[in-house]
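Good morning, colleagues. Please bring up the sequence and the model, and I shall take you through several places in it.

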Amino acid sequence: MAIDIRLVGPERAEEFVQPILTAFGLSFSPERIARMRQLTEYDTRIAAFDGDAIVGTAGAYAVEMSTPGGGSVPTAGLTSVAVLPTHRRQGILTALMRRHFDEARAHGQAVAALWASEGPIYQRFGYGIASFAGEVSIERERTGFADPSPVPMRARLVDEATALEVFPRIWERARASVPGMLSRSPAWWSVRRLSDPEWARAGAGPLYRVLVEVDGEPQGYALYRIRQQWETNSPVGALVVSEAVGASPAGTRAVWRYLFDIDLMRKIEAAHLPIDHTLFMLLAEPRRLRFSAYDALWVRLVDVETALASRAYGARDSIVLEIEDRYCPWNEGRYRLDGGERRASRTNDAPDLRLSVDALGSAYLGGISFARLADAGRVEERAAGAVSRADALFRSARAPWCPEIF
């Protein structure tokens, strides 16, 4: 029987999640599935049908992603991609991805992004590694700052309603200066970040929401749990940080000082931290973080012209890029990028650089340099010095950061 690819609505959410649950060996309660339906961003659900049965899925969140220079770009956040093992190697994933790109383009989403379960799968479809992140585990006794001066602040634990009122404002201030961060609706905040369902605790305690003020102004927040343990009547537990965000350098310092100073903890653990985190400069012994890096956000340009016009550039130079794109053929061709005008337009001029769309996705947020891509054979320099010029154009003051798997 032929496989039919079509959109489905939230009313089929329980059927829709089955391929991804099967692929990862998971189970979701009806309550958790009902909560997912509340996410207003989750507006695209693509299903592969074998008769009346859903055998493959790909979903997308409609979000705005921050770009270098304080801009943002409409983005399709790809999620829930899976094909049942009974239907492997039948071209279903390729069909789902083609429909995903068509839907993103129709929605005016110039960029698609994801956290990849297996990188080679998505590189094949034009996604490139755009950022790295890391996890840390540091003993509390090793959390002294290089500058031992007291950090002036006021911290207070708040309930979900107060957090929903204040935390988004801090997030948006931080997002304006860091590429790769996503917009969040009130439903996203409530369902994915601030609520405290039992299944989310994973053996730890309840979720704590702390607001940090500096000079009387909200400047940072953190979400964390305590995984308490005792040995010979002594506490050896861990403070597990879900998210810690500062709206300013002072806010970042203050929120981490608060987390490091909580009593009865042996260590502090956190994941999905930016590769250039301020902690490397704050701590007297940054090696004690035991920072372990991994690939984080992968980016794919769906509309090259619009995407390139949706970020700022570090030079007033212009450069001609020749792009190869197998799955979005409308992107194929040459573009003259004018950094001063923040504009990309079609051209017949000779290219300065030739590259595939996945390589451009890696460079887009400024986290991966063209020099590194060229060293790996991923960029072809057609004009002398073009790689250096491209790096000057695409540089970003901050490494891309997306602190949440979606």
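Let us begin with the buried residues of helix α8, which are G251, T252, A254, V255, W256, R257, Y258, L259 and F260. Please bear in mind throughout that we are looking at a predicted model. Helix α8 covers residues 249-260. Nine of its 12 residues are buried, so α8 is largely enclosed by the rest of the structure. As for its length, α8 reaches 17 Å from its first C-alpha to its last, which is close to the 16 Å expected at 1.5 Å a residue.

I turn now to a pair of helices. Helix α6 consists of residues 160-175 and helix α7 of residues 186-194. How do their axes cross? The two axes come within 10 Å, and the crossing angle is roughly 110°. Helices α6 and α7 are therefore roughly perpendicular to each other, and their crossing is right-handed. On the α6 side, the residues that take part in the contact are E160, A163, L164, F167, P168 and W171. They meet P186, W189, S190 and L194 of α7.

The next topic is backbone geometry. Most residues other than glycine have a negative phi. Which value does phi take at S80? S80 is not a glycine, yet its phi is positive, at about 55°. This residue lies in strand β4, which is formed by residues 71-83. With a relative accessibility of 16%, S80 counts as buried.

H272 also has a positive phi, near 60°, and H272 is a residue other than glycine. It is found in strand β14, residues 265-274. Is H272 buried or exposed? Its relative accessibility is 19%, so H272 counts as buried, the cut-off being under 20%. Leaving aside neighbours within four places in sequence, H272 is in contact with W115, A133, G134, Y294, W401, P403 and I405.

E231 and H272 are 41 residues apart in sequence, and their C-alpha atoms are 29 Å apart in space. E231 is partly exposed, with a relative accessible area of 45%. Setting aside its neighbours within four places in sequence, E231 has contacts with V236 and R266.

Where is V17 placed? V17 sits in the loop between α1, residues 13-16, and α2, residues 18-24. Its relative accessible area is 5%, and V17 is buried. Beyond neighbours within four places in sequence, V17 is in contact with I33 and M36. Along the chain, V17 and V81 are separated by 64 residues, while from C-alpha to C-alpha they are 9.6 Å apart in space.

Thank you for your attention.

Terms used
Residues are numbered from 1 along each chain as its sequence is written. This is a predicted model: local features need pLDDT of at least 70, side-chain atom pairs count only at pLDDT 80 or more; totals for chains, interfaces and linings use all residues. Side-chain values use heavy atoms; hydrogens and water are left out. Axes are lines fitted to C-alpha atoms, for helices over the stretch in contact, and angles run from 0 to 180 degrees between N-to-C directions. Helices (H or I, at least four residues) and strands (E, at least two) are DSSP runs, numbered from the N terminus. Angles under 35 degrees count as roughly parallel, over 145 as roughly antiparallel, 65 to 115 as roughly perpendicular and the rest as oblique. A crossing is left-handed if the near helix is turned anticlockwise from the far one by less than a right angle, and right-handed if clockwise. Contact means heavy atoms within 4.5 Å. The expected span of a helix is 1.5 Å times one less than its number of residues. Buried means under 20% relative accessible area, exposed over 50%, partly exposed in between (1.4 Å probe, protein chains only).
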